[in-house]
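Work through the exercises below with the model open beside you. Each begins with a task and continues with a solution in steps.

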Amino acid sequence: MKPNKDQMSTKERNFVYKFVAGHQICELTVPIEFPVHEDPSHFHGRLMLLHNLPCFIEDDLKKALIQFMDEETIKDYDREADLALGAVTSGEVDLEQLANTWTKAYTKTTLEHARPEEPNWDEDFGDVYHDLIHSPASETLLNLEHNYFVSISELLGERDVELKKLRERQGSEMNKVMQELGKSLTDQDVNSVAAQHFESQQVLENKWANELKQLTNIQKQEYQEWVMKLHQDLKNPNNSTISEEIKVQPSQLRGLVDATARIFEEQRSLEESFTIHLGAQLKTMHNLRLLRADMLDFCKHKRNHRSGVKLHRLQTALSLYSTSLCGLVLLVDNRINSYSGIKRDFATVCQECTDFHFPQLSDQLEVVQQVVLYARAQRIKKSKQQFESKDKSSAEEDASQNIERNQSNIFPGEFYLSRHSNLSEIHVVFHLCVDDNVRSGNITARDPAIMGLRNILKVCCTHDVTTISIPLLLVHDMSEEMTIPWCLKRAELVFKCVKGFMMEMASWDGGVSRTVQFLVPQSISEEMFYQLSNMLPQIFRVSSTLTLTSKR
């Protein structure tokens with residue numbers, strides 16, 4: 001029985017090494033404490049440096065040191081084993097208790113004796129959904145999701161109308177109050193009315209938020225129960241309760257996809273596609289696309305005006321539980337919430353349809369916030385340990401910097417992700433934190449935003465995200481300082497960095513073909529778009545086409 005190293009007695013032994021230097025015979029004696037918890041190579045390096053030993057004995061000293069440590073360690077193990085066997089033979093140890101201990105350890109570490117995993121509802125539902133979406137019942141699933149989407153849309157429409165009426169009424173009231181300001185009313189009266197208006201808006205928004213949450217929970221429960229029931233019914237082909245709706249009419253489904261695809265193409269008027277090969281010896285083919293579009297266009301459900309509101313998400317549903325996921329990079333600030341800017345717009349899009357597979361966005365953000373707080377606490381704990389080796393002034397300076405930082409926020413270059421099944425074309429959204437520095441024209445390849453992209457691509461390789469959409473200019477909206485030279489310089493930097501990251505992918509995933517979509521803001525000019533389009537094949541190696549002609 002091998003004893004625990006912590007339970008073994010600590011003993012010190014002298015390591016003696018003799019060597020010849022010129023006409024002198026030198027002897028090195030070093031006390032070593034056993035058991036040894038330090039790497040022999042590190043200990044050997046310290047001996048060479050501390051005793052200023054000649055370089056010609058380096059290899060022989062290392063060999064002798066490792067041999068000495070191994071021999072003495074084996075002697076300790078043998079000594080402990082003899083003591084343990086002696087305790088068994090003398091009757092000091094209960095044989096039955098020892099056998100039970102060995103049996104428990106063996107069954108705990110051997111796979112064949114492991115207990116079967118408890119069934120997981122989410123995994124079971126995912127497997128069932130994957131089977132149904134690839135069966136004749138796929139159109140039935142999409143139609144049911146469409147009906148739920150219509151219900152949510154109607155509720156959101158009623159909410160927007162009521163909020164609009166409230167704001168209009170409050171606006172007219174505030175205008176009347178401002179007209180009486182200085183006459184019969186004071187500034188305190190105006191502030192009181194504004195506070196009442198704000199409170200009224202909060203009450204109304206909370207009311208609709210609760211109704212929306214209640215409706216989505218009901219829809220999710222009904223949908224999951226219906227999917228599980230349908231799967232059980234389909235297992236019995238003689239079951240007469242199966243609805244005729246699961247019989248797909250291919251022409252209608254293709255018509256829906258084609259019609260929606262035409263509208264989708266109209267929205268994205270500017271688009272260029274390229275096929276490239278990357279790699280030194282073993283080349284991998286990748287697809288690149290340059291688009292002028294809004295980032296949220298990949299999340300919003302497309303609307304078919306001729307046949308009502310329809311979900312353009314058949315391909316997304318088919319690949320939901322697959323190794324071909326689609327991701328999108330969303331540039332956000334350092335606060336983990338959905339209260340302002342593009343984060344609020346994205347949260348609004350997520351509310352338009354119930355997510356039947358993953359938690360709501362707000363719930364996912366709460367989990368991320370807890371993880372960030374835990375990570376910050378671990379970093380502070382580690383930094384405090386490092387303070388012990390610093391002088392007092394530097395330690396106080398670092399401590400003050402940690403106090404000034406909000407521990408619930410993330411730093412530029414860090415990102416968190418959210419999972420979705422209710423978006424049009426996206427399964428995973430990478431929320432990349434950037435600061436105002438991305439709007440300047442002097443960022444380099446070591447900028448946190450660029451390094452964040454590298455880490456995102458690495459996550460894509462390890463988690464089967466084969467399509468990723470990236471904001472090419474690292475901004476979602478254009479501003480005055482973003483001139484043509486600024487755009488060209490930024491695009492060249494991102495193109496070159498992404499190319500380098502994609503070449504690294506071969507060592508990350510073995511060379512998997514991927515699709516990278518570079519998105520530019522919709523406000524960019526056509527001239528600028530085509531300049532960027534001409535730049536891309538100059539940086540990447542674009543595959544050339546071959547024209548074959550037959551000889552007559």
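Predicted model: local features only at pLDDT ≥ 70, side-chain atom pairs only at ≥ 80, totals over all residues.

Residues are numbered from 1 along each chain as its sequence is written, and side-chain values use heavy atoms, with hydrogens and water left out.

**Exercise 1.** Classify the aromatic pair of F34 and F68, and state whether these residues are buried or exposed.

Solution. Rings of Phe, Tyr and Trp (its six-membered ring) pair if their centres lie within 6.5 Å, and planes under 30 degrees apart count as stacked, over 60 as edge-to-face and the rest as tilted. The structure holds 14 such pairs. For F34 and F68 the centres are 5.9 Å apart and the planes make 70°, which gives an edge-to-face pair. Next, place the residues: F34 belongs to strand β2 (residues 24–34) and F68 to helix α2 (residues 58–89), 34 residues apart, where helices (H or I, at least four residues) and strands (E, at least two) are DSSP runs numbered from the N terminus. Finally, both F34 and F68 are buried, a word that means under 20% relative accessible area, with exposed over 50% and partly exposed in between (1.4 Å probe, protein chains only).

**Exercise 2.** Determine which residue forms a salt bridge with E72, and which network includes E72.

Solution. A salt bridge requires a side-chain nitrogen of Lys or Arg within 4 Å of a carboxyl oxygen of Asp or Glu; the count by this rule is 17. The side chain of E72 meets that of R13 with an N to O distance of 3.0 Å. Because E72 lies in helix α2 and R13 in strand β1 (residues 11–21), the pair ties together parts 59 residues apart in sequence. Both E72 and R13 are buried, and a network of salt bridges links R13, E72, K75, D76 and R79.

**Exercise 3.** Describe how helix α5 and helix α6 pack.

Solution. Axes are lines fitted to C-alpha atoms, for helices over the stretch in contact, and angles run from 0 to 180 degrees between N-to-C directions. Helix α5 (residues 138–179) and helix α6 (residues 187–235) have axes 11 Å apart, at an angle of about 175°. That makes α5 roughly antiparallel to α6, since angles under 35 degrees count as roughly parallel, over 145 as roughly antiparallel, 65 to 115 as roughly perpendicular and the rest as oblique.
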